[in-house]
Amino acid sequence: MRQRPPRELRMTTTASERGAMESVLKTLTANSRGVAAGRLLRDSLGEGFPRKDFDHLLSALARGGLIEETQASFDRDGETIRYRHITITRKGARADADTLE
């Protein structure tokens with residue numbers, strides 16, 4: 001029985017991965033200034049979507065030049081809160097199903 005190669009080695013995406021990527025890009029298009037990764041997960045895929053799988057999707061979108069990830073932080077009650085800020089690129093805003101293939 002053949003096993004699927006790890007996501008990092010595959011060159012194509014599954015239909016469910018493409019659907020998830022499309023949802024992420026659609027959410028980012030509606031939030032042109034970007035959004036925190038955790039909020040993007042909740043708003044685009046729901047809290048039941050595995051965070052590890054979401055992080056893999058973000059990595060693939062970033063490698064494809066469809067999103068940009070930056071480290072950001074803010075202070076609350078004397079504590080520094082760090083998070084990833086995700087924005088869509090021009091290429092990402094123009095992406096279609098063929099781009100995500």
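Okay, let's start at threonine 27, which sits in helix H1, the stretch covering residues 15-30. One thing to keep in mind throughout: this is a predicted model. So, is threonine 27 buried or exposed? Its relative accessibility comes out at 12%, and the cut-off for buried is under 20%, so threonine 27 counts as buried. And what does threonine 27 touch, once you set aside its neighbours within four places in sequence? That would be Leu40, Asp43 and Ser44.

Now step back to the whole of H1. The helix has 16 residues, and at 1.5 Å a residue they should span 22 Å. The end C-alpha atoms of H1 are 23 Å apart, which agrees with that. An α-helix has 3.6 residues a turn, so residues three or four places apart point the same way.

Let me pick out H3 from that. The axes of H1 and H3 come within 11 Å, and they cross at roughly 75 degrees. Angles of 65 to 115 degrees count as roughly perpendicular, so that's what we call H1 and H3. Who makes the contact? From H1 you have Glu17, Ala20, Met21, Val24 and Leu25, and from H3 you have Phe54, Leu57, Leu58, Ala60 and Leu61. Sort the residues in that contact by class and you get 9 nonpolar, 1 charged and no polar.

Stay on alanine 60 for a second, over in H3. Alanine 60 has a relative accessible area of 24%, so it goes down as partly exposed. Alanine 60 and threonine 13 are 47 residues apart in sequence, yet their C-alpha atoms are 9.8 Å apart in space.

Phenylalanine 74 is partly exposed, with a relative accessible area of 37%. Tyrosine 83 is partly exposed too, at 28%.

Next, have a look at the loop between E2 and E3, where you'll find aspartate 77. Its phi is near 50 degrees, a positive value in a residue other than glycine. For background, most residues other than glycine have a negative phi. Buried or exposed, this aspartate 77? At 79% relative accessibility, it counts as exposed.

Last bit, the overall picture. The protein has 4 helices and 3 strands, and from the N terminus on the order is α-β-α-α-β-β-α. Of its 101 residues, 31% are buried. And take the contacts between residues at least 6 apart in sequence: 50% of those join residues at least 24 apart.

Terms used:
Residues are numbered from 1 along each chain as its sequence is written. This is a predicted model: local features need pLDDT of at least 70, side-chain atom pairs count only at pLDDT 80 or more; totals for chains, interfaces and linings use all residues. Side-chain values use heavy atoms; hydrogens and water are left out. Helices (H or I, at least four residues) and strands (E, at least two) are DSSP runs, numbered from the N terminus. Buried means under 20% relative accessible area, exposed over 50%, partly exposed in between (1.4 Å probe, protein chains only). Contact means heavy atoms within 4.5 Å. The expected span of a helix is 1.5 Å times one less than its number of residues. Axes are lines fitted to C-alpha atoms, for helices over the stretch in contact, and angles run from 0 to 180 degrees between N-to-C directions. Angles under 35 degrees count as roughly parallel, over 145 as roughly antiparallel, 65 to 115 as roughly perpendicular and the rest as oblique. Ala, Val, Leu, Ile, Met, Phe, Trp, Tyr, Cys and Pro count as nonpolar, Asp, Glu, Lys and Arg as charged, and the others, Gly among them, as polar.
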